[in-house]
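Have your viewer open and follow along.

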Amino acid sequence: MKEILTPVIFLTYTGVLFFPCSGHRIERSTSCAQKYQVIPNHSACLQKTAIATDSGISDEDKNVIVSKHNEYRSVVNPPAVAMAKMSWDDEIAMIAQKYADACKGLVHDGGRQRSIPGRFSVGQNLASASYDLDWAGVIKLWYDEVKDFTLGGNNDLMKVGHYTQVVWATSIKIGCGFAVCGSTRSYVCNYGPGGNLDINNPYESGSACSKCPNSCDNNLCDCQGKACENGGTMDFNACACTCKPPTTTYVGPSCQLNCTGQKDRSYICGPQFTPAMCDRFTNVPQDCPTMCKVCPYAGIGFAAPDGGQEPVKSNTRLSILTTMIVLISFRLIF
């Protein structure tokens, strides 16, 4: 491959397991919801850096981002029996934009630092370029890793991780952010629920839409933007959620978090799942929402005292680069 020094595009990605490690301190803003403030260094509370300019995503870009993802998801080979049609999510996008404005380059935030308490774990794809690259081009770079991917094979995370997040079957929501950071352009896309738990099997193969014939649209299961929250599972044919237990905690058609009267199960939360695990594993905040400080702050109808948002101080350092157990950043030269 011919090497050219400029332009340079950097790509990096992460999955949704939480593996905190030491890193640099970050500036936090208290102008974020309290459900984010109680999580040390959550990206929703990041301040915009002075070098961030021309930031934000236009409505046109939103349409391109969603449509290109769905285009690539609809043509996976072999076909998928149930590939969710993606739709835009403003809350996921808010966090992605905050991270783009923080100009962290290709250093990922921690899995819990980008999660949405009371809703989703969140995956992430990053890119950085030394020149203007449109969103269709960014997403194509991620998708083009398909050339190195074999479904069910022994894939190399470094070579296929962006692709597997783009086509992760149950990642039904997406939100992205962009900022010019000095001489570089920062592109951030976050996905909910996050993927890359098993890069060899991002979807189940078979006849296209065979598990969602009633909702099938162009090889995608189209549930009209509906998503199951808090670990709920989607029946893509009926577009109906099955919520995690207990049924008094995760309620309604989308499995919303109800903190009223919620009590963690004492035989799990504490003896088996410790507070330190709240930052390491995506299921622990769902199984132990009070221990992990998800309740009451992310519960239905929660309002801070007097309508305010009290700042929460923390000395915890930023979690860096998480995707499965391997930490990855790499460079593509064109």
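At 14% relative accessibility, Tyr 143 counts as buried, where buried means under 20% relative accessible area, exposed means over 50%, and partly exposed is anything in between (1.4 Å probe, protein chains only). Before going further, some ground rules: this is a predicted model, so local features need pLDDT of at least 70 and side-chain atom pairs count only at pLDDT 80 or more, while totals for chains, interfaces and linings use all residues. Residues are numbered from 1 along each chain as its sequence is written, and side-chain values use heavy atoms, with hydrogens and water left out.

Back to the rings. A search of the whole structure turns up six aromatic pairs; to pair, rings of Phe, Tyr and Trp (its six-membered ring) need centres within 6.5 Å, and planes under 30 degrees apart count as stacked, over 60 as edge-to-face and the rest as tilted. Tyr 143 pairs with Tyr 72: the ring centres are 4.1 Å apart and the planes sit at 10°, so this pair is stacked. Tyr 72 belongs to helix 2 (residues 59-74) and Tyr 143 to helix 5 (residues 135-143), so the pair ties together parts that are 71 residues apart in sequence. Helices (H or I, at least four residues) and strands (E, at least two) are DSSP runs here, numbered from the N terminus. Tyr 72 is buried too, at 9% relative accessibility. Ring pairs also link Tyr 72 and Tyr 143 with Phe 149 and Tyr 163 into a cluster.

For another geometry, look at Tyr 297 and Phe 302, an edge-to-face pair with 5.5 Å centre to centre and 80° between the planes. Tyr 297 is partly exposed at 25%, and Phe 302 is partly exposed at 30%.

Now for the sulfurs. The structure holds eleven disulfides, each a pair of cysteine sulfur atoms within 2.5 Å. Cys 103 and Cys 181 form one of them, with sulfur atoms 2.1 Å apart. The torsion about their S-S bond is about -85°, so the disulfide is left-handed. Cys 103 lies in the loop between helix 3 (90-101) and helix 4 (111-114), and Cys 181 in strand 5 (residues 173-181), so the bond ties together parts that are 78 residues apart in sequence.

Compare Cys 32 and Cys 45, whose sulfur atoms are 2.0 Å apart. Here the S-S torsion is about 85°, so this disulfide is right-handed. Both Cys 32 and Cys 45 are buried.

One cavity of 30 Å³ or more is counted, and the largest cavity holds about 160 Å³ of space. It is lined by 18 residues, with Ile 116, Pro 117, Phe 120, Pro 285 and Gln 286 closest to its centre.

The largest pocket has about 440 Å³ of space. Among its 23 lining residues, Thr 170, Pro 193, Cys 228, Gly 231 and Gly 232 lie nearest the centre. Strand 9 (233-235) and helix 7 (283-287) are the elements that give two or more residues to this lining.

Technical notes:
On a 1 Å grid over the protein atoms alone, a cavity is a set of points where a 1.4 Å probe fits but cannot get out, and a pocket is an open set with protein on both sides within 12 Å along at least five of seven lines; lining residues have an atom within 4 Å of a point. Grid points are joined across faces, edges and corners, and a volume is the space filled by probe spheres set on the points.
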